[in-house]
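This report describes a structure for a reader who has not seen it before. The sequence and the model come first, and the description follows.

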Amino acid sequence: MLKIDGISRRFGDVTALDDVSLEIGQGEFFALLGPSGCGKTTLLRIIAGFETPDAGKVTLDGEDLLSRPPNRRPISLMFQSYALFPHMTVAKNVAYGLEREKLPRQEIKQRVGEVLETVGLSAHAARRPAQLSGGQRQRVALARSIVKRPRLLLLDEPLSALDKKVRADMQLELKRLQHEVGITFVVVTHDQEEAMSLADRIAVFDRGTVRQVDEPISLYERPRSPFVADFVGANNLFSGEASGLDGIKSEKFGMLAGTPLEELEAGTGALLAVRPEKIELADASATRGLAGEVLDVSFYGGVSHISVDVPGHPKPVLVAVQGAASVRPGAKVKVRWNAEDAVIMAADQ
Amino acid sequence: MKSEVKTQPVSRPRGRWLGAFVFLSPGLAYLVVLMLVPLALVFSYTVFQRGRFGGVVYEFTTENFERLFDPLYLSVLLDSLKIAAITTLVALLIGYPTAYLIAQLPKKWKTLALVAIVLPFWTNFIIRVYAWTILLSGPGLVNSALAKVGLGPYELLYNQGTIVAGLLYSYLPLMVLPLYAAIEKLDPQLREASANLGASGFTTFRKVTLPLTVPGVLTGSLFVFVPSFGNFVIPEMLGGNKSIMVGNLIRNQFLSARDWPFGATLSLALIAVLVVLLIVQAWAARRA
């Protein structure tokens, strides 16, 4: 549906986007995920028409988008700051796009009423944005974006301005809405949890390039590059050489068990990644595992995070266990994992 | 002991009032001595009679207010209103695009442009206005330039248009600066949101930019209108004797005709018009 082909954009010396190509399907909930300054917002602004790429093409259902001015694209953008018109009421804000289409007054009124109903703000139609809470403003912005029935809805960090509790509610609501209206959503976020919980597919951006495009579960379980392994979720990374077998050869720890995602030539640089929840904490007397000492235990309610100092490893090894932890800081332990729970990828050049 | 401790918080508000009074008193003294007292004096003159050789004779009369409605003086007031209104309108029409443009400039150029706007203020006001008489006079620069292409000479000085030009030249910066401040603080994303929702550039201006900068428009208009309306230097230098504004009239009553009570009455009328305008402006700004 939306096809992004070889888009590049430079700002002076900085390359914001370097030959980015993506294909997004009809009705898909797609996320552009990456740290700040990775170019994801620039891509969004190019699609919306507020930024012009130096090279590349963007087409929507085969139609060229880049030759159209921003006000002639069948695309809605929900701004990070919401950009609600402060001098208009909620109803007027939502009606703005329909009024520009010169629709009959009666139809505008009806559609504004419907969409306010959908986002649960019917009672606030006559208020000004300044009289609303953050969550309500966000819903007005959303209503204003979807009321035009765009073919594509772009959302720039839609939940970042909300506090944690409201954010969780809005996440569910966004998903429900997307199902209901059937519009293709492209959301930009730096929050990997948000991307994983919302999106059908995620493109991970790093310094202007796409590192991996995958479904959330694949992205989490089978990261294809050290950047993705490190950025998406917490991870423990061990570097070494590919051994040709199920494991890497580490200078400090010898063989570490893991599963290569692709054939790696023995002797080349490799990285082993193992998720905190896949690591098992064993007694210091256990036969297998890396010996270390518990540095810190943090209790989060459902889970506890334990960081273990393993001599020879630059960062503490992070272990997640269900419920409260049974160990205390200072305890001598061993950390170990099964080969199928750790993934091995080629190290960055 | 306990009761002593309790009395302390009670005495604190009194201390705060005292502190406020100490800090406010210089400003209050200034306002009372240099504004309220003279204003009260001037207003009190309006109900007294003129002295034969100037000054005031303290005998009650309503004659001054009756004279105010003499068509001769009324037309001067109306002319002044007209000149000030035209000046304000033209200043707005020139000032808005200027301010808008400056607000879009890169930061470095913004500062430079603003300095350029304020720069004329660094030269003496009289000299700047006087320069216009040299430019526009019969054998002046403008006419001799026109003569080179076979036009003119035109009578450019000493009419209402010249006064408007002079006022405009002098007070345009006072229009540009508040407008710039209003436009500059507009979130540029509002314009993007408007475009994203299908509005053309003109519609965005009409529906978003202009309504949100109305306070700046009102402030700028007031800043230009007030000094234009009561001005007497510019009409005197550029308007000749033909067209007189209320400022000239007041000056003449005090200095030439030596009719202080009527001069005071005219001043009262001028202030009354401005107060009404201020109230209208405040009301409109609150609604915007």
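## Chain B as a whole

In chain B, buried residues make up 28% of the 288 residues. The model is a predicted one. Chain B holds 13 helices and two strands. The radius of gyration of chain B is 25 Å, well over the 19 Å that the globule rule gives for 288 residues, so chain B is more spread out than a compact globule. Along the principal axes, the C-alpha atoms of chain B fill a box of roughly 100 × 70 × 35 Å. Of the contacts in chain B with a separation of 6 or more, 69% are between residues 24 or more positions apart.

## Domains

The domain assignment divides chain B into domain 1, residues 2-45, and domain 2, residues 63-287. The centres of these two domains of chain B, taken over C-alpha atoms, are separated by 37 Å. For chain A, the assignment gives domain 1 (2-221) and domain 2 (234-346). Here 39 Å separate the centres of domain 1 of chain A and domain 2 of chain A, again over C-alpha atoms.

## A sheet in chain A

Chain A has an open sheet of four strands in the order S2-S1-S4-S5, with antiparallel pairing. Strand S2 (14-24) and strand S5 (63-64) of chain A stand at the edges with a single partner strand each, so one side of each is left without a neighbour in the sheet. The partner strand S4 of chain A covers residues 55-60, and two bridges join S4(A) to S5(A), the two strands running antiparallel. One residue pair can be named here: Leu60(A) has Glu63(A) in S5(A) as its bridge partner.

## Where the chains touch

How many residues does each chain bring to the contact? Chain B brings 15 residues and chain A brings 16 residues. On the side of chain B that touches chain A, helix H8 (188-196) and helix H9 (201-212) of chain B each supply at least two residues. H8(B) gives the most to this side, with six residues. By class, the side of chain B that touches chain A has eight nonpolar, five polar and two charged residues.

Methods. Residues are numbered from 1 along each chain as its sequence is written. Chains are lettered from A and ligands numbered from 1 in the order in which they are written. This is a predicted model: local features need pLDDT of at least 70, side-chain atom pairs count only at pLDDT 80 or more; totals for chains, interfaces and linings use all residues. Two residues are in contact if their C-beta atoms, placed from the backbone, lie within 7 Å. Ala, Val, Leu, Ile, Met, Phe, Trp, Tyr, Cys and Pro count as nonpolar, Asp, Glu, Lys and Arg as charged, and the others, Gly among them, as polar. Domain bounds come from an automatic or database domain assignment. Two strands pair if DSSP finds at least two bridges between them. The radius of gyration is taken over C-alpha atoms; the globule rule is 2.2 Å times the number of residues to the power 0.38. A residue is buried if 20 or more other C-beta atoms lie within 10 Å of its own, exposed if 12 or fewer, and partly exposed in between; C-beta atoms are placed from the backbone.
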